Amino acid sequence: MFKKILIANRGEIACRVMRTAKAMGIRTVAIHSDVDADARHVREADEAVLVGPAPSAQSYLNVEAILRAIAQTGAEGVHPGYGFLSENAAFAAAVEKAGARFIGPSPSAIAAMGDKIRSKQLAREAGVSVVPGGVESVADEEAAREAAAAIGYPVLVKASAGGGGKGMRLVRGEAEMADALRSAAHEAKASFGDERVFVEKFIEHPRHIEIQVLADSYGHVIHLGERECSIQRRHQKVIEESPSPLLDAKTRAAMGAQAVALAQAVEYRSAGTVEFIADRNKNFYFLEMNTRLQVEHPVTEKVTGLDLVEWMIRIAAGERLTLKQKDVRLDGWAIEARLYAEDPTRGFLPASGRVVRYREPTGAGVRIDSGIHEGAEVTVHYDPILAKIVTHAADRDGAVALMRHALDSCCVRGVVNNGLFLGAVMANPRFQSGDISTAFIQEEFGAAFDPAKAGKEQLAVLVAVAATLHHRLHARDAAIGGGQNAQRVASGAEWVVLANGDSHKATVAETAGGHAAVTSSDSHEVIGEWRFDDPVFRGAVNGRPVAVQVERIGLAYRLSHDGVRLDLQVLAPRAAELAALMPAKKKQDMSRFVLSPMPGLLSSLAVAVGQDVKAGEAIAVIEAMKMENVLRAERDGRVAALRAKPGDSLAADQPILEFE
Ligand code: ADP
């Protein structure tokens with residue numbers, strides 16, 4: 001067994017790999033860029049080596065510097081995590097040449113599966129069912145149209161070197177082909193330096209279901225069941241689960257057998273994932289094989305009870321995989337939610353900043369894989385993942401309930417993140433029913449997530465909690481100030497809670513043990529602990545445990561819970577009467593303006609002054625995070641003036657043009 005390994009990665013996955021290494025008695029070496037000198041993965045490693053400046057190309061992708069770090073520290077194995085160099089065959093070969101073991105598959109297996117076109121050909125030869133089309137790249141528009149006509153629209157234009165959803169375009173008919181080809185090839189070139197694209201059938205209402213495989217160096221391959229990863233935005237996963245609500249034992253066995261056959265065909269070793277796309281009728285087709293540990297591997301670990309990183313390390317050290325297929329048991333249900341520094345109200349655009357407050361959820365059935373700490377700097381240089389929250393219970397309902405509570409208890413301040421959005425997915429009845437597809441987020445939430453959209457129960461809980469918090473603050477102030485006020489407040493008081501433009505009545509009284517009970521029209525009794533500076537209120541509403549995030553925004557309480565965020569104001573009845581007499585502040589009408597939904601570069605404008613534009617028509621292309629984002633008109637109108645020109649750097653909400 002290795003005495004020391006180097007982890008060629010950062011963030012949560014570096015910390016995750018080190019956790020297992022430590023448990024196995026293996027010393028760990030972290031690598032880091034200069035901005036990551038104080039990062040969590042550096043803090044948790046036994047040794048750390050600086051490999052370069054912030055940009056990944058000069059640090060985490062800097063093969064020379066990493067090889068030097070291996071030599072300098074005497075690391076005997078290298079775990080690449082995911083992303084960065086994890087699927088780089090040349091890196092794997094260089095590590096082995098330098099005398100260390102690459103904790104992953106052979107360079108030839110990585111190369112064979114790294115190219116989407118080649119891997120599809122290999123899969124077909126191994127008897128795996130593949131998506132119709134796409135076994136050759138298309139040279140030009142004519143070839144693409146021919147390929148599409150042969151398969152039948154709709155089709156997907158995909159980059160052969162693609163990953164992370166980049167270089168992929170949906171084409172519903174011939175007219176959209178030219179645009180899609182151009183932008184997919186452009187994006188592929190920018191992201192991967194390889195502009196080859198191919199055309200394949202677009203599977204309608206697709207579900208993304210993948211099989212985890214594990215193989216040793218002696219030809220023994222097993223599978224560990226499936227993960228469903230259909231909850232995606234921009235073709236990127238955010239929530240995964242195991243098992244899949246779609247599969248039955250027969251389909252699982254068939255998918256598993258195909259995944260194993262493919263792994264055997266490329267003489268695979270280590271952990272790997274064979275991705276499929278499935279339709280409503282449980283037909284499934286091979287998408288690609290990822291020759292590395294996946295982000296979402298913890299859900300498989302939860303239901304199988306296995307440690308995938310431990311097996312990767314053992315297999316790399318030459319051990320045999322002692323598990324047989326029949327030993328693999330799937331127990332209960334696990335869900336993973338990825339906490340990202342991104343803004344769901346602005347098209348999920350990555351965010352950055354400093355984490356000023358961080359509290360992880362805890363408790364039975366909850367696992368956190370995190371790469372951040374209070375004070376951590378989240379920069380634009382790397383993947384914006386902050387942490388993964390994983391819950392495990394006897395069944396799916398149980399895992400969802402645990403996740404809702406875990407998300408409400410998880411506190412990240414200082415960096416815009418998607419925590420609340422994840423809560424909204426969990427609270428969504430369609431998600432709960434298991435009727436999902438990769439279009440779920442688009443269909444249920446549209447272009448932008450509105451956190452103020454509250455259901456009846458969510459609103460009732462937030463009103464009751466706001467009144468309780470305010471009552472407690474008021475009681476504290478009154479006690480400090482003394483006088484008759486204190487008497488009045490303690491023995492029960494009426495409050496008016498303003499939320500989303502409506503007012504709600506609430507009565508708060510102190511009960512035994514110093515707790516407060518609230519009765520609003522819906523009669524919600526709130527019991528809980530809260531000190532005036534706690535970021536999270538923990539308690540029970542009508543006997544059900546709840547956690548509510550609390551922020552003070554001026555005089556209002558900004559409460560977040562179960563996918564909903566509201567600013568609530570609590571007033572004494574007399575003050576509420578007066579407030580109702582005040583003229584309401586008018587919001588400035590910006591509907592005539594097209595605003596940039598994100599910070600980025602305005603790469604082109606498709607309209608001119610005086611032009612009539614129809615809703616849905618493309619207006620501009622904004623480049624952000626190497627992605628081309630097409631901005632479309634939300635309504636019909638005539639362009640009155642242009643407020644920005646191609647080449648301009650745009651701030652979020654900066655006007656691009658004005659309609660008449
Ligand atoms: P990447 O390597 O960029 O992640 P994948 O081929 O794994 O690309 O596809 C990512 C996602 O795109 C899938 O999970 C699925 O949601 C969608 N997708 C890919 N191929 C198809 C297809 N043929 N039909 C429908 N959706 C697809």
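Trainee: Which domains give residues to the shell around the ligand, and where does the ligand lie as a result?
Mentor: This is a predicted model, in which local features need pLDDT of at least 70 and side-chain atom pairs count only at pLDDT 80 or more, while totals for chains, interfaces and linings use all residues. Residues are numbered from 1 along each chain as its sequence is written, and side-chain values use heavy atoms, with hydrogens and water left out. Because two domains, with bounds taken from an automatic or database domain assignment, both give residues to this shell, the ligand lies between domain 2 (132-201) and domain 3 (207-445).

Trainee: How many residues are around the ligand, and which come nearest?
Mentor: A residue is counted as near a molecule or strand if one of its heavy atoms lies within 4 Å of it. There are 23 residues around the ligand, and those that come nearest are Lys-116, Gly-165, Lys-201, His-208 and Gln-232.

Trainee: Which strands each supply at least two residues of the shell?
Mentor: Strands (E, at least two residues) and helices (H or I, at least four) are DSSP runs, numbered from the N terminus. The strands that each supply at least two residues of the shell around the ligand are β6, β8 (197-201), β12 (270-278) and β13 (284-290).

Trainee: What percentage of the ligand's area does the protein bury?
Mentor: We can begin with polar contacts, which are pairs of N or O atoms within 3.5 Å (within protein, one must be able to donate a hydrogen and the other to accept it, and residues adjacent in sequence count only if both atoms are side-chain atoms). A polar side-chain atom of His-208 lies 2.6 Å from an oxygen atom of the ligand, a polar side-chain atom of Glu-275 lies 3.1 Å from an oxygen atom of the ligand, and a polar backbone atom of Ile-203 is 2.9 Å from a nitrogen atom of the ligand. Taken alone, the ligand exposes 550 Å² (by the Shrake-Rupley method with a 1.4 Å probe; for residues, only the protein chains shown count as cover), and the share of this area that the protein buries is 96%.

Trainee: Is strand β27 largely enclosed or open, and how many of its six residues are buried?
Mentor: Buried means under 20% relative accessible area, exposed means over 50%, and partly exposed is in between (1.4 Å probe, protein chains only). Strand β27 (residues 536-541) is largely enclosed by the rest of the structure, because the number of its six residues that are buried is five.

Trainee: Which residue in the turn between β27 and β28 has a positive phi?
Mentor: Two strands pair if DSSP finds at least two bridges between them, and β27 pairs with strand β28 (residues 544-553) in the antiparallel sense over six bridges. These strands form a hairpin with two residues between them, and the turn residue with a positive phi of about 50° is Asn-542.
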